[in-house]
Amino acid sequence: MGVFSTGGVGIDLGSANVTICLENEGVVLREPSYVLTLREDTDEILAVGRDARQMLGRTPKDVSLISPVMDGAVGNIELATALIQRLAEKALGKRRALEKNRLVVSMSQGCTRVERTALEEAVRTAGAKRSALVRSSVAAAMGAGVPIEEPRGSMLICIGGSTTEVTIVSMNGVVAARTMRTGSLALDEAIMRYVRREKGLIIGQRTAEDLKIDLGNAMRSPALVREKASLRGRDASSGKPATVEITAIDIHNAIETPLRALVENIRDAFENIPAELAEDILPQGVYLSGGGARLEGIADRLSEMLGLSVTLGENPQDDVAVGCCMIAASERMMQKFEQSGCLIEV
Ligand SMILES: Nc1ncnc2c1ncn2[C@@H]1O[C@H](COP(=O)(O)OP(=O)(O)OP(=O)(O)O)[C@@H](O)[C@H]1O
Ligand SMILES: [Mg+2]
């Protein structure tokens, strides 16, 4: 870190992943939002992040794997604190302690007062020199390069693991927002159900997620028949290991119902925008962000449905963490977002 660095640290505390971005370095860590504890005593933390997920089923102790952030909100303060602290320490490594850095953590638009208080406490307890919470959609807008300072409205769609947010920003603030408590994880669940029903095979959520990433496509095309994979799982009736072939058409069909619900919800949000804001949005189109935006064909599908151009960056899953870090690194931005009610120091 440079001599003049404020030591800005941005954390996207997502329900699927924790992503950490450091000033002058970029995203240095991205790990699943999990904490592994003893079943009898959940204060006893055995591992966090990737290690937690890897240890599951491989330890002789009676353990539970807990996801302390659900639907973008903190369910368990102690475990969320541990997750932030341990992963921040890991990300910072030997650079400098968290207590010497300025930390900005994302909070979901849709979170309730109680959930926000829990998150505030978790972030405060993590022990940075200064800490703040920022609305995740505003952070995503910063990270995605949305012209958020301009006096005209810009629309951003964030598709996360368990939440989808449609936000209109202008002059460093949020003008309108809609949060849906569903996201890309719903597609994994639909794939699990489809594979069981149509192929007689039981697969886990991670396998379903891999199928979505490798073969998933939001647009239907004849070429999808040629994309296939052989899939191993457990036969639903005999319980024995079995292998079946699965094509991208299968995955397209599997995800169609929740995907359609998701995009129709987005269209509905768009159609309810006040006329003057819609006029701002039409010429520039919409911005797409979040890990769920990486699904093949989703930008095209939204563009077709909304009749607008869709801008999608290279690493949409990093936008929130990058935006949090940009804010943490700038006193001016911290103040601007505090004034617009999008940031609170804790
Ligand atoms: N290449 C890809 N294709 C399809 N989906 C993907 C891809 N990469 C990541 N995803 C999905 O993106 C989701 C995670 O996105 P992200 O990291 O933005 O979520 P999050 O911020 O943890 O969740 P939330 O914002 O809902 O709390 C996962 O469901 C993951 O399967
Ligand atoms: Mg997110």
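Mentor: Two strands pair if DSSP finds at least two bridges between them. Keep that in mind for this predicted model.

Trainee: Over how many bridges do S4 and S5 pair?

Mentor: Strand S4 covers residues 35–38. One bridge sets Val 35 against Val 48 in S5. S4 and S5 run in the antiparallel sense, and their bridges number 3.

Trainee: In what order do the strands of that open sheet stand?

Mentor: The sheet has 3 strands, with antiparallel pairing. S5 (45–48) and S6 (63–66) each have a single partner strand, so they stand at the edges. The twist from one strand to the next averages 20°. The order is S5-S4-S6.

Trainee: Which helix packs on the sheet?

Mentor: The helix touches S4, S5 and S6. Its direction makes about 55° with that of S5. It spans residues 77–92 and is helix H2.

Trainee: Is strand S2 mostly covered or uncovered?

Mentor: A residue counts as buried if 20 or more other C-beta atoms lie within 10 Å of its own. Asn 17, Thr 19 and Cys 21 point one way from S2, Val 18, Ile 20 and Leu 22 the other, and all are buried. That is 6 of 6 residues, which makes S2 mostly covered.

Trainee: Which residue of S2 stands opposite Val 9?

Mentor: S1 (residues 8–13) and S2 (residues 17–22) pair in the antiparallel sense over 5 bridges. A hairpin of 3 residues joins them. Opposite Val 9 stands Leu 22.

Trainee: What is the bridge partner of Leu 22 in S3?

Mentor: S3 covers residues 26–32 and pairs with S2 in the antiparallel sense over 6 bridges. This hairpin has 3 residues between its strands. Leu 22 has as its bridge partner in S3 Gly 26.

Trainee: Which residue in the turn between S2 and S3 has a positive phi?

Mentor: S2 and S3 form a hairpin. The phi in question is about 70°. The residue is Asn 24.

Trainee: How many residues surround ligand 1?

Mentor: The closest are Gly 14, Ala 16, Gly 160, Ser 184 and Gly 291. By class, the shell divides into 4 nonpolar, 15 polar and 4 charged. Helix H6 (residues 205–215) gives the largest share, 3 residues. The number surrounding ligand 1 is 23.

Trainee: Between which domains does ligand 1 lie?

Mentor: One domain is made of 8–33 + 68–140 + 319–345, the other of 145–312. Both give residues to the shell, so ligand 1 lies between domain 1 and domain 2.

Notes:
Residues numbered from 1 in each chain as written. Chains lettered and ligands numbered in written order. Predicted model: local features only at pLDDT ≥ 70, side-chain atom pairs only at ≥ 80, totals over all residues. Helix = DSSP H or I, 4+ residues; strand = E, 2+ residues; numbered from the N terminus. Axes fitted to C-alpha atoms, helices over the stretch in contact; angles between N-to-C directions. Contact = placed C-beta atoms within 7 Å. Buried ≥ 20, exposed ≤ 12 C-beta atoms within 10 Å, placed from the backbone. Near = placed C-beta within 6 Å. Nonpolar A, V, L, I, M, F, W, Y, C, P; charged D, E, K, R; others polar. Domains from an automatic or database assignment.
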